[in-house]
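Hi,

Here is the structure I promised to pass on. Please open it and keep it in view while you read.

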Amino acid sequence: MTDSSQAGAQAVRFTMYKTPWCGYCHRLGSQLTREGIAEGEVYDVVDIEQDPAAAEIVMQANGGNQTVPTLVWDDGTTQTNPSLKQVKEKLGV
């Protein structure tokens with residue numbers, strides 16, 4: 001049996017879609033790292049300039065625009081250019 005309070009925090013994951021030149025993407029990534037929210041453990045990163053399918057996901061989430069960072073959560077919800085506070089709230093930390 002799993003401790004549900006711990007499982008809830010561990011189960012929530014997201015993918016951050018970004019571009020290499022996006023300052024907002026770099027800022028959010030740095031803030032997440034500083035807060036101990038680790039890439040590869042809590043979230044994955046995908047460069048939309050290297051992955052046309054990823055660019056399509058971002059456009060679907062943003063009315064046809066390639067706005068980054070776009071976070072797509074495992075529950076299907078999205079956040080576009082969220083603040084660190086918004087991400088932490090969603091993670092429950």
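Below is what turned up, starting with the sheet.

Keep in mind that this is a predicted model.

**The sheet.** Four strands form an open sheet in the order β2-β1-β3-β4, and the pairing is mixed. The edges are β2 (43-47) and β4 (78-80), each of which pairs on one side only. On average, neighbouring strands are turned by 20° against each other, direction ignored.

Strand β1 (residues 14-18) runs antiparallel to strand β3 (residues 70-73), and four bridges join the pair. Find M16 there: its bridge partner in β3 is L71. Helix α2 (residues 23-34) packs on the sheet. This helix touches β1, β2 and β3, and its direction makes about 145° with that of β1.

**Helix α4.** Which residues of α4 (residues 84-91) are buried? They are L84, V87 and L91. They share the same side of α4, because they cover an arc of only 65° around the axis. An α-helix has 3.6 residues a turn, so residues three or four places apart point the same way. K85 and E89 lie on the other side of α4 and are exposed. After α4 comes G92, with a positive phi near 75°.

**The cysteines.** C22 has a relative accessible area of 4%, so C22 is buried. C25 counts as buried too, because its relative accessibility is 3%. The cut-off for buried is under 20%. How many disulfides does a search of the whole structure find? The search finds zero.

Best wishes

Key: Residues numbered from 1 in each chain as written. Predicted model: local features only at pLDDT ≥ 70, side-chain atom pairs only at ≥ 80, totals over all residues. Heavy atoms only, no water. Disulfide = S-S within 2.5 Å. Buried < 20%, exposed > 50% of the residue type's maximum accessible area, 1.4 Å probe, protein only. Helix = DSSP H or I, 4+ residues; strand = E, 2+ residues; numbered from the N terminus. Arc of directions from axis to C-beta. Pairing = 2+ DSSP bridges. Axes fitted to C-alpha atoms, helices over the stretch in contact; angles between N-to-C directions. Contact = heavy atoms within 4.5 Å.
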